[in-house]
Protein chains: 2
Amino acid sequence: MDYSQLFPFWTYLNPNEEEYIKSSFYTEKYEKGMIMHRSEENCKGLMTVLSGQLRTYILSDEGREVTLFRIHANDVCVLSASCLMDSIAFDVLVEAAEMTEVLVLPSVCLNQVIKNNPYVELYLYKAAAEKFSEVMFTMQQMMFLKSDQRVARFLWDENVRSGSMELQITHDEIAKYIGSAREVVTRVLKYFAGHQVVEIKRGKIIILDKEKLKSFL
Amino acid sequence: MDYSQLFPFWTYLNPNEEEYIKSSFYTEKYEKGMIMHRSEENCKGLMTVLSGQLRTYILSDEGREVTLFRIHANDVCVLSASCLMDSIAFDVLVEAAEMTEVLVLPSVCLNQVIKNNPYVELYLYKAAAEKFSEVMFTMQQMMFLKSDQRVARFLWDENVRSGSMELQITHDEIAKYIGSAREVVTRVLKYFAGHQVVEIKRGKIIILDKEKLKSFL
């Protein structure tokens, strides 16, 4: 694996640090739905997604979820190392949205390295800032877009991502992704179905007309 | 002014950098309501609030506002230097919420210094991460709290901040602060007034019973 490609701080490591980090890496596999990070419980470290997909979300006391962003292959999950970043003072959950393999750089190792190497700490904070940008985008969508737009954008993105017109997803899952209620999603989907934009089947949604879907974006 | 107190990176500056930064500072005054940052237009630099208060918010195409956080005296506004941070890819507006004086460290100076000093760049990203935490808090409130809780918390915070039971603020301003609609705020305030929690007057709200207000938090 070409670590220098994955981690921009690699060129700023001295030989000892490089050796220490290399020997600390390990991989882990998670089944779909498994929670791999819950702030108060653990602080595993920096996770790089090798395959699959992670979902980062917040949870209300009543169990309502809002998806903040997803992390795809070759992208990093930095909030699972948030214990190393004093300036990050909030809790999120991270779960495997599908079968996912991650490369873990443990917090204990990172903690040691950042003491003497500001570039590694800077890397962590830059990665967090990128997620900040994604959260802001999500927030703007939630605050400012109408429900039909949010559902249409979600379906559009899923189609682009999966390359398939047949999306294996429930109304409840869509609601969690876009931070809405299941009833609202069902209402919008019925409206789309009535206009021949999609066809609703048990556990899946089939996109019938991409041009029509686009008109709702 | 004790810059080392204000800026944690001060101890990591060499004498040239320190001299350059010291000679670059300037102060500016803004009237209430003046917009001091709008991402696409300018990138003034790092602003430290000397007196007054800044409000950071996002704006929809239809003109709806959502307040992300406020910046009080001795705190910094780092998003006004977002052009220096490639990992920050979103636009916010910053306005003076009251008459405000700021100490500006211009982007052109910072840009020069961060080329050779990772501690200054790290400082910027850490400051951004702190705001990330505040935005997450705001987002959780918006997503998960009911309108009456949000209005009650706003009134409570305003009372703590100003030390006064008489808050000079309109329903529309409250709506912007908590990311709600004016009609919703008016409805909640009428409900509070009906329960002798507050008294509504033209352009101001008087808190009548802090214990009752607390019960809505």
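This is a predicted model: local features need pLDDT of at least 70, side-chain atom pairs count only at pLDDT 80 or more; totals for chains, interfaces and linings use all residues.
Next I looked up how the copies are related. Chain A goes onto chain B by a turn of 180 degrees and a shift of 0.0 Å along the axis, with an RMSD of 0.1 Å. I put that down as the relation of a two-fold axis.

Then I turned to backbone angles. Most residues other than glycine have a negative phi. I found that A:N74 has a positive phi of about 75 degrees, though it is not a glycine. I placed A:N74 in the loop between β5 (65-71) and β6 (76-77) of chain A. Buried or exposed, I asked of A:N74? A:N74 is exposed, at a relative accessible area of 59%, and the cut-off for that word is over 50%.

B:N74 has a positive phi of about 75 degrees and is not a glycine either. B:N74 sits in the loop between β5 (65-71) and β6 (76-77) of chain B. I noted 61% relative accessibility for B:N74, which counts as exposed.

Last entry: B:H171. I located B:H171 in helix α6 of chain B, which covers residues 171-178. B:H171 has 18% relative accessibility, so I logged it as buried; the cut-off is under 20%. Which residues does B:H171 contact, leaving aside neighbours within four places in sequence? I listed B:R182, B:V185, B:T186, B:L189 and B:I200.

Technical notes
Residues are numbered from 1 along each chain as its sequence is written. Chains are lettered from A and ligands numbered from 1 in the order in which they are written. Side-chain values use heavy atoms; hydrogens and water are left out. Helices (H or I, at least four residues) and strands (E, at least two) are DSSP runs, numbered from the N terminus. Buried means under 20% relative accessible area, exposed over 50%, partly exposed in between (1.4 Å probe, protein chains only). Copies are superposed by least squares on the C-alpha atoms of residues with pLDDT of at least 70 in both. Contact means heavy atoms within 4.5 Å.
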